[in-house]
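Hi,

Here is the structure I promised to pass on.

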Amino acid sequence: MGMIKRLILDVLKPHSPSIIELAEMLSDLEGVSGVNVSLDEVDAKTDSVKVTIEGPNIDYRQVEKTIISCGAEIHSIDGVSAGIKIVEEVNTPQDR
């Protein structure tokens with residue numbers, strides 16, 4: 001089975017925990033070497049955030065469990081890289 005190296009998630013979370021706290025919780029997971037959490041939108045009770053996680057062997061189930069434990073939910077999985085190395089996207093003429 002291929003190892004997940006990068007996950008890009010669209011997450012809806014309550015205001016608490018903060019994006020700092022969420023990033024720290026995710027970065028503590030085994031197989032994770034880096035986390036980026038960016039605020040996209042703030043509503044009265046929630047924050048929409050983009051979560052990018054990188055590492056040598058990310059366990060999606062543990063990521064999902066951690067996010068849910070914060071009272072948040074994954075709206076979509078917007079990107080996944082798996083295998084021996086991360087392959088960056090390449091723009092093609094169709095992308096213009």
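Aspartate 47 is buried, with a relative accessible area of 8%. Bear in mind that this is a predicted model. So what does aspartate 47 pair with? Its salt-bridge partner is lysine 13, and the closest N and O atoms are 3.2 Å apart. Lysine 13 has a relative accessibility of 3%, and because the cut-off for buried is under 20%, lysine 13 counts as buried too. As for where the two sit, aspartate 47 belongs to strand S3 and lysine 13 to strand S1, so this pair ties together parts that are 34 residues apart in sequence.

That is one of three salt bridges in the structure. The others involve arginine 6. With glutamate 54, the side chains of arginine 6 meet at 2.7 Å, N to O. This pair links distant parts of the chain, 48 residues apart: arginine 6 is in strand S1 (residues 4-14) and glutamate 54 in strand S3 (residues 46-58). Arginine 6 also forms a salt bridge with glutamate 88, where the closest N and O atoms are 3.1 Å apart. Glutamate 88 lies in the segment after strand S4 (73-82) and arginine 6 in strand S1, so the pair ties together parts that are 82 residues apart in sequence.

Buried or exposed, where does arginine 6 fall? Its relative accessibility is 15%, so arginine 6 counts as buried. Glutamate 54, by contrast, is partly exposed, at a relative accessible area of 31%.

Back to the pair I began with: aspartate 47 in S3 and lysine 13 in S1.

Now for the nonpolar side. The largest nonpolar core has 18 residues, and the members that touch the most others are Leu9, Leu26, Val51, Ile53 and Val63. Which elements give two or more residues to this core? They are S1, helix H1 (19-27), S3 and helix H2 (60-69).

Leaving aside neighbours within four places in sequence, leucine 26 is in contact with Val32, Val35, Val51, Ile53, Val63, Thr66 and Ile67.

Cheers

Note on methods. Residues numbered from 1 in each chain as written. Predicted model: local features only at pLDDT ≥ 70, side-chain atom pairs only at ≥ 80, totals over all residues. Heavy atoms only, no water. Salt bridge = Lys/Arg side-chain N within 4 Å of Asp/Glu carboxyl O. Helix = DSSP H or I, 4+ residues; strand = E, 2+ residues; numbered from the N terminus. Buried < 20%, exposed > 50% of the residue type's maximum accessible area, 1.4 Å probe, protein only. Core = buried A, V, L, I, M, F, W, Y, C linked by side-chain atoms within 4.5 Å. Contact = heavy atoms within 4.5 Å.
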